[in-house]
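I opened this model to see how its parts pack. My entries follow in the order I looked things up.

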Amino acid sequence: PPCPGAASAFRRWEQLRRRAATPWARGLLAVAAGLGLLYAVLRVPVRLRDGLAAVTVFLSTLTPKFYFALTVTSSFISGLIFVFEWWHFRKYGTSFIEQVSVSHLRPLIGGAENNSPALAAFSAGENETSRQNMPECKVWRNPLNLFRGAEYSRYMWVTGKEPLTYYDMNLSAQDHQTFFTCDTDALRPSDTVMQKAWRERNPQARIKAAYQALELNNDCATAYVLLAEEEATTIVDAEKYFKQALKAGEMIYRKSQNCHSQSPQHEAQLRRDTNVLVYVKRRLAMCARKLGRIREAVKMMRDLMKEFPLLSMLNIHENLLEALLELQAYADVQAVLAKYDDISLPKSAAICYTAALLKARAVSERFSPETASKRGLSTAEINAVEAIHRAVEFNPHVPKYLLEMKSLVLPPEHILKRGDSEAVAYAFFHLQHWKRIEGALNLLHCTWEGTFRMIPYPLEKGHLFYPYPSCTETADRELLPTFHEVSVYPQKELPFFIHFTAGLCSFSAMLALLTHQFPELMVIFVKA
């Protein structure tokens with residue numbers, strides 16, 4: 001219930017408001033306003049003259065050295081602010097001054113209180129609806145991820161740079177715990193040790209735990225997997241460990257198949273053993289691909305996809321596509337695309353750009369921009385250009401890497417579809433296939449930018465796909481190393497405060513230079 005004091009204050013306010021609405025009260029207010037205005041007209045010029053006289057006396061006592069020091073200091077401070085603003089924008093994609101103003105100054109000014117509860121509820125509901133309509137920025141396991149010991153670690157030893165971020169490695173640790181552990185691990189001492197090993201942050205502690213698990217059980221498949229991924233320093237050594245893991249994994253998998261229907265715990269154990277077996281066979285196929293036994297790798301991948309057709313979410317077909325492109329078996333590549341480039345299946349840069357590469361292959365050797373501008377595009381050329389536009393709309397970051405306009409880094413262990421991380425992973429493995437087809441990169445160079453004319457507002461409306469997600473930049477900065485310049489789409493305009501501080505710094509520097517060159521003239525100008 002309202003308190004009595006508030007009710008009485010409200011009644012007094014209503015009485016004053018009614019009295020102020022009477023004609024005589026309005027007349028008194030008009031007379032008071034007129035007197036105040038007359039006082040201001042008569043008094044303000046006098047004060048202004050006094051103030052200007054004081055300023056003139058102060059300025060007349062200043063020397064040229066003071067003006068020079070003032071302009072140099074102003075230029076230096078504004079230059080520091082400009083450099084910091086530029087660095088903050090390049091690293092985080094926002095203006096520091098604007099961010100501080102929005103997050104700290106607006107609540108002090110009272111911007112938060114001006115919104116009514118109904119308006120706030122409406123805006124919250126609208127934001128929630130827009131979040132539901134926008135595709136989620138989901139991070140996926142990179143189908144072609146490298147080996148930590150044999151590839152990532154070797155890169156770090158040579159360059160001294162860490163190729164993987166903590167966020168990326170943390171996601172991998174979560175994947176390993178999901179794939180390689182289950183509720184029945186407590187029944188087997190070796191699996192209990194490995195369950196702890198996957199949670200360790202220190203690589204040496206993980207390797208030590210894997211050896212402890214092998215001492216308890218020489219047929220612990222997950223221990224061999226960890227050693228192959230992290231201890232092996234060459235692909236040959238990793239393949240040896242994976243072959244031992246395959247032998248142990250197949251034996252455990254057969255045992256799980258025989259008793260999986262006995263209880264839910266046995267079903268969970270079968271799923272875990274299936275994950276281990278599929279992972280080991282896939283990595284063995286990747287080892288064969290890296291060691292040049294490409295036909296053997298293709299056979300292993302095809303057999304794996306036939307044996308476990310329900311595990312299509314692991315994207316083994318992307319490994320198969322890359323191996324077939326290396327064999328230049330373009331008919332087989334087209335057959336794989338016919339199965340997986342379906343409207344009901346999730347897309348990827350590998351699917352879209354491989355489809356564009358095959359269509360470009362049919363016309364790229366004879367394609368010439370001058371000839372095409374005179375006679376027009378043929379049907380095959382139109383199909384190739386449309387396929388390139390489709391691929392660029394799905395991931396607009398890839399062409400800069402294929403055309404070597406941006407430098408590549410080692411791909412992360414996880415990628416964000418349609419993001420810069422996926423573009424790095426695709427170009428790292430597929431750039432050689434584009435270079436092998438004569439004229440393919442030339443056709444891409446001539447046509448890829450035309451995609452942006454079809455989708456001038458990519459964050460609001462797409463052409464063949466959903467609108468481009470706005471969260472890719474943040475996720476890519478978490479997945480890619482700090483020494484890599486993350487590609488941003490659509491390109492952000494420079495914030496106002498960067499232009500302002502740059503202009504202020506330039507103007508102050510110019511004044512400092514003029515004051516240093518013409519001190520007497522600048523003093524006269526300031527006094528005037």
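I started at helix 23, residues 472–479, where Thr472, Glu473, Ala475, Asp476 and Leu479 are buried. Buried means under 20% relative accessible area, exposed over 50%, and partly exposed in between, with a 1.4 Å probe and protein chains only. Helices (H or I, at least four residues) and strands (E, at least two) are DSSP runs numbered from the N terminus. Looking down the axis of helix 23, I found its buried residues within an arc of 165 degrees, so they line one face of the helix. The arc is taken over the directions from the helix axis to the C-beta atoms.

A note on the source: this is a predicted model, local features need pLDDT of at least 70, side-chain atom pairs count only at pLDDT 80 or more, and totals for chains, interfaces and linings use all residues. Residues are numbered from 1 along each chain as its sequence is written, and side-chain values use heavy atoms, with hydrogens and water left out.

Next I took the whole protein. I counted 25 helices and two strands. Of its 528 residues, 41% count as buried. The protein exposes about 30,600 Å², and carbon and sulfur atoms supply 61% of that. These areas come from the Shrake-Rupley method with a 1.4 Å probe; for residues, only the protein chains shown count as cover.

Which residues touch the most other members of the largest nonpolar core? They are Met194, Phe242, Tyr353, Leu402 and Trp434, out of 96 residues. Domain 1 (141–338) and domain 2 (340–487) both give residues to this core, so it lies between them. The domain bounds come from an automatic or database assignment. A nonpolar core is a set of buried Ala, Val, Leu, Ile, Met, Phe, Trp, Tyr and Cys residues joined through side-chain atoms within 4.5 Å. I also noted a second, separate core of six residues, including Leu146, Tyr152, Leu164 and Phe429.

I then checked tyrosine 353. Leaving aside neighbours within four places in sequence, its contacts (heavy atoms within 4.5 Å) include Ala391, Asn395, Leu402 and Trp434.

Valine 363 sits in the loop between helix 16 (349–361) and helix 17 (369–375). I read 6% relative accessibility there, so valine 363 counts as buried. Beyond four places in sequence, valine 363 is in contact with Ala380, Glu381, Ala384 and Leu443.

Last, I went to histidine 389 in helix 18, residues 379–394. Histidine 389 counts as buried because its relative accessibility is 15%. Not counting residues up to four places away in sequence, histidine 389 touches Thr447, Gly450, Thr451 and Met454.
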